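These are my notebook entries on a structure that I had not examined before. I set down what I looked up, topic by topic.

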Amino acid sequence: MLQIKDLHASVDGKQILRGLDLEVKSGEVHAIMGPNGSGKSTLAQVLAGRDSYTVDAGSVAWDGKDLLALPAEERAREGLFLAFQYPVEIPGVSNAYFLKAAVNAVRRHRKLPELDAMDFLKRVKAEMKAVGMREEFLYRSVNEGFSGGEKKRNEVLQMALLEPKLAVLDETDSGLDIDALRVVADGVNRLRSPERSMLVITHYQRLLDYIVPDKVHVLSAGRIVHSGGPELALELEQRGYAWVAETPKAPAAAARGQAGPAGAAVGEAAR
Amino acid sequence: MSDIDTWLASFRTRAATLSGARLPWLAAVRQRAIERFADEGWPTSRIEAFRHTSLAFLAQQRFVAAQPADATAAAAQQAIAQLRRDDPEGHWLVFVDGVFAPALSEQGDLPAGAQVGPLSQALAQSPEQVEAAFGSAGDGASPAALNAALATDGAWVWLPRASAVELPIHLVFLTATGGGACHPRNLIVAEAGAQATVVEHYLALAGDAADAATLTNAVTRVQAGPDARITHMKLQQESAQAIHLATIDAAQARGSTFDSHSLSFGARLARNDIVTRFDGEGCETLLNGLFHVDGRRHVDHHTRIEHAHPRGTSREFYRGILDGAARGVFAGRIVVAPGAMRTDAQQRTDNLLLSPQAEADARPELEIYADDVKCAHGATVGQIDEASLFYLRSRGLDEAHARNLLTYAFATEALARIGLAPLRRRAAASIRVRLPGGELLGELS
């Protein structure tokens, strides 16, 4: 179980997360939605342990551990997986080497025997087939020259291989056409299980047609301002984000509603 | 007695015993060369080409004469066995402290008329051929002149018209005597359409050579005839106390190809001067380089590509990895002469700094005197990419492993340009052993 309490985080001295609370139980899939700049990616990076993000206050408990005390690689080995919004290209490192090194780093930590080259290839080829990746992608450099869709498939492949307990998907739908989106969503759905929680971060409701969440949260100005069931995603799609930002729970936003374009959104919400 | 006087004295005592001493033309070249060196001395930073790499300190250094080779025979044998284990085929010429070691050498089958052997022997057997390839006292900087004066051996490779030596010709230079100095001179002549790959290895034997400063002052001259193809690779893995100076001087006739790979991993100070000149139309060259230095060590590559005729193509890529308080210098000059139309030249140098104290000096220099040309150059100096590092760590790789992996990946881009797989593997292995935990990276390539 993941329990985030009053999380404040900043990057380059700029405060992004301002008191975020969130609880995700084992086996649940939660969607985090929100407008650009609301802190969605910051949340993903902070959870994964990126050093350039500073946690200023708050806590993140994960299966009884203090997540924030662990370095990034420890979090990964313990079973946290971040599917990157922009997977990094690493020229000169073959995907096969990278995937095997990652799988074995995690297996060592879990006291499982490391996979040898034969076992690894068997395993990875089966998983690649499932996400529709051709074998040649094993022998190319990590993400180098991959299309947007190929990069995202590679992320889902890594997720499948690493078998995480908590998967954070950061805008995995961005840049995908509808076919690629379906393949990626199928890959994610296959991995749903009672032992695995997921945090699906997305700007659009589209992905949630395929990955149906248990709960939907709206992030605005660094806080969760609204939570609901899967139907909330549809409502957001139809009505935009402005109306949730105007709920009484967010006093700063209410003050902004006095004038200007935000005022129009209040009117819309009241209709 | 000043340092220069020491060298003059050494020349006077040794002149009569140097190989080919009785050849008048050679005696004359040597005399002019020692006079030039006496006149110029070691290059100092006042000379533009040595601005970042003064050799003035060599004036304070005394080098001893090499020990008899049998004192180190067992260690040498072991070193050669080790080298040949990975790559048993090919032709092997081994020199210990600059002296040809027939017992450690092995020549494979050669095409009819081809000569691969020690220079000392060629001077006795075919002095006219050697004379045409030997070079003059005025070539290169003053250390090259000192080499011309004192060189007594090295490799002689002569390839007749349209001959192809399929397997690499390995030249191994072992430094066995601590505090010793040697001046190998390698001459490679390829007649029209001939092809060969020559690999120079510079290694120190453990023991004496590893603790006391040694000097290697090598010269390699390449003459590529029309349409000849010569690939040259140099793997410098001298001891941490060694001073390594090398001049590689190529002259290319029409339609020829000269590829140079310079891998510099050892020595306290290494300086490589690499020059190729297009003496006819349609020549091609690749100058590929990789260096890795740490501690307080220093490596410098000075290259020059002379596009003297039309339709020449040159590609130059140098990569440096610098750790500790090391310093890496790259100065690459490309000269496009008037009339050298449709020249296509690309040059790039990338440096990876692994520590805040490391320093890279990258100086790309284009001199273009023709107008219908395509020339590009670029230089970067950077650190391990933070985003890549995080990506790897987020997949469970610890930071040290991730850093090494990215460093190695940076190097492998240079290694990828080495066409022959065994040479590429050898080069990859030699960079892996320099990285802590590098053995983890074994299956990468």
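This is a predicted model: local features need pLDDT of at least 70, side-chain atom pairs count only at pLDDT 80 or more; totals for chains, interfaces and linings use all residues.

Entry 1, the two chains.

Entry 2, a sheet in chain A. I traced an open sheet of six strands in chain A, in the order β6-β9-β10-β3-β11-β12, and noted that its pairing is mixed. Its edge strands are β6 (80-83) and β12 (223-228) of chain A, each of which pairs on one side only. On average, I found neighbouring strands turned by 20° against each other, direction ignored. I then followed strand β3 (residues 29-33) of chain A, which runs parallel to β10(A) and is joined to it by five bridges. In β10(A), I located Ile201(A), and opposite it stands Ile32(A).

I looked for Glu195(A) and found it in the loop between α6 (178-190) and β10 (197-202) of chain A. Is Glu195(A) buried or exposed? I counted 10 C-beta neighbours inside 10 Å, so Glu195(A) counts as exposed; the limit for that class is 12 or fewer. Leaving out residues up to four places away in sequence, I recorded that Glu195(A) touches Ser26(A), Gly27(A) and Lys165(A). I also checked Val29(A), which is 166 residues apart from Glu195(A) along the chain, and the C-alpha atoms of the two are separated by 11 Å.

I turned to helix α9 (residues 399-415) and helix α10 (residues 421-432) of chain B, whose axes come within 10 Å and cross at roughly 155°. Angles over 145 degrees count as roughly antiparallel, and α9(B) and α10(B) are therefore roughly antiparallel to each other. I noted the crossing of α9(B) past α10(B) as right-handed. Which residues meet there? From α9(B), I listed Tyr408(B), Ala411(B), Thr412(B) and Leu415(B); from α10(B), Arg424(B), Ala427(B), Ala428(B), Ile431(B) and Arg432(B). I classed the residues of this contact as six nonpolar, one polar and two charged.

Conventions:
Residues are numbered from 1 along each chain as its sequence is written. Chains are lettered from A and ligands numbered from 1 in the order in which they are written. Axes are lines fitted to C-alpha atoms, for helices over the stretch in contact, and angles run from 0 to 180 degrees between N-to-C directions. Helices (H or I, at least four residues) and strands (E, at least two) are DSSP runs, numbered from the N terminus. Angles under 35 degrees count as roughly parallel, over 145 as roughly antiparallel, 65 to 115 as roughly perpendicular and the rest as oblique. A crossing is left-handed if the near helix is turned anticlockwise from the far one by less than a right angle, and right-handed if clockwise. Two residues are in contact if their C-beta atoms, placed from the backbone, lie within 7 Å. Ala, Val, Leu, Ile, Met, Phe, Trp, Tyr, Cys and Pro count as nonpolar, Asp, Glu, Lys and Arg as charged, and the others, Gly among them, as polar. A residue is buried if 20 or more other C-beta atoms lie within 10 Å of its own, exposed if 12 or fewer, and partly exposed in between; C-beta atoms are placed from the backbone. Two strands pair if DSSP finds at least two bridges between them.
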